[in-house]
Amino acid sequence: MIDFTGIHFGDNFMRKKIGKETLRKEICSYIRDRIADGTYQAGERIVETRLAKELHVSQAPVREAILELTAMGLLDEHPYSGTYVRKLTPADIQDIYQTRAFVEERAAQLASKNITDTQLAEAEIFLRKMDVSSDWNVFTDLDVNFHALIIDAANSPSLKRLWE
């Protein structure tokens with residue numbers, strides 16, 4: 001997962017010649033991060049034009065990112081009203097964690113057969129850093145990177161899509 005903390009989506013961002021697919025993914029990550037850190041609250045309207053202006057990108061990749069996040073269940077689309085950050089119930093959260101546990105368990109099973117020595121060494125580094133981290137944001141980034149490494153080591157494109 002790419003860390004967008006501190007990234008300015010201005011003119012320099014657009015000059016990178018980022019592909020359409022990558023730009024959509026980066027915008028998805030940006031919105032997910034804003035939901036996770038509380039910048040975008042449950043029930044808050046996500047305005048496509050405002051977000052495109054904020055990120056200095058066209059509306060098309062923002063629209064695609066919003067559609068993807070709606071399909072993932074993070075946003076709710078209300079006809080003739082707009083798109084809103086989904087309000088998760090305790091049952092929704094329990095379901096998400098159970099599904100994540102199932103996916104990650106299967107990934108660990110596959111990774112145990114496919115992991116390379118390099119990936120194993122990287123995983124150990126992530127775990128050591130997590131053990132000593134006192135910063136919640138750093139710990140969370142390390143945890144996500146650790147799990148992404150396990151998903152990659154599983155070598156299953158379908159499982160990776162489910163995890164993402």
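Is Arg100 buried, partly exposed or exposed? Select Arg100: its relative accessibility is 33%, so Arg100 counts as partly exposed. Here buried means under 20% relative accessible area, exposed means over 50%, and partly exposed lies in between (1.4 Å probe, protein chains only).

Before going on, note that this is a predicted model, in which local features need pLDDT of at least 70, side-chain atom pairs count only at pLDDT 80 or more, and totals for chains, interfaces and linings use all residues. Residues are numbered from 1 along each chain as its sequence is written, and side-chain values use heavy atoms, with hydrogens and water left out.

**Stop 1**

The term salt bridge stands for a side-chain nitrogen of Lys or Arg within 4 Å of a carboxyl oxygen of Asp or Glu. Side chains of opposite charge can pair when their charged atoms come close. Arg100 and Glu104 are four residues apart in helix 5, so about one helical turn separates them. Helices (H or I, at least four residues) and strands (E, at least two) are DSSP runs, numbered from the N terminus. Glu104 is buried, with a relative accessible area of 16%.

Next, select Lys160 and Asp152, whose side chains meet in a salt bridge of 2.8 Å, N to O. Lys160 is partly exposed at 32% relative accessibility, and Asp152 is partly exposed at 38%. Salt bridges with shared partners join Arg100, Glu104 and Asp143 into one network. The whole structure has eight salt bridges.

**Stop 2: a surface patch**

Select Leu88, Ile93, Ile96 and Tyr97. These residues make a nonpolar surface patch of about 380 Å². Patches are made of residues with over 30% relative accessible area and no salt bridge; like charges are joined within 9 Å, and nonpolar side chains (Val, Leu, Ile, Met, Phe, Trp, Tyr) within 5 Å. Accessible areas come from the Shrake-Rupley method with a 1.4 Å probe, and for residues only the protein chains shown count as cover. Ile96 sits in helix 5 (residues 90–114) and is partly exposed at 42% relative accessibility.

**Stop 3: strand 3 and its partners**

Select residues 82–85, which are strand 3. Gly82 and Tyr84 on one side, and Thr83 and Val85 on the other, are all buried, and both faces of the strand are covered. Strand 2 (residues 75–78) pairs with strand 3 in the antiparallel sense over four bridges; strands pair if DSSP finds at least two bridges between them. Asp76 has Tyr84 as its bridge partner. Three residues lie between the two strands of this hairpin, and Tyr80 in the turn has a positive phi of about 65°.

Strand 1 (residues 45–46) is also antiparallel to strand 3, joined by two bridges. Arg45 stands opposite Tyr84.

**Stop 4: helix 3**

Select residues 48–55, which are helix 3; its buried residues are Leu51, Ala52 and Leu55. Seen down the helix axis, they fall within an arc of 100°, so they line one face of helix 3. The arc is that of the directions from the helix axis to the C-beta atoms. Arg50 and Lys53 are exposed, on the face turned away from the buried side. End at His56, which follows helix 3 and has a positive phi near 60°.
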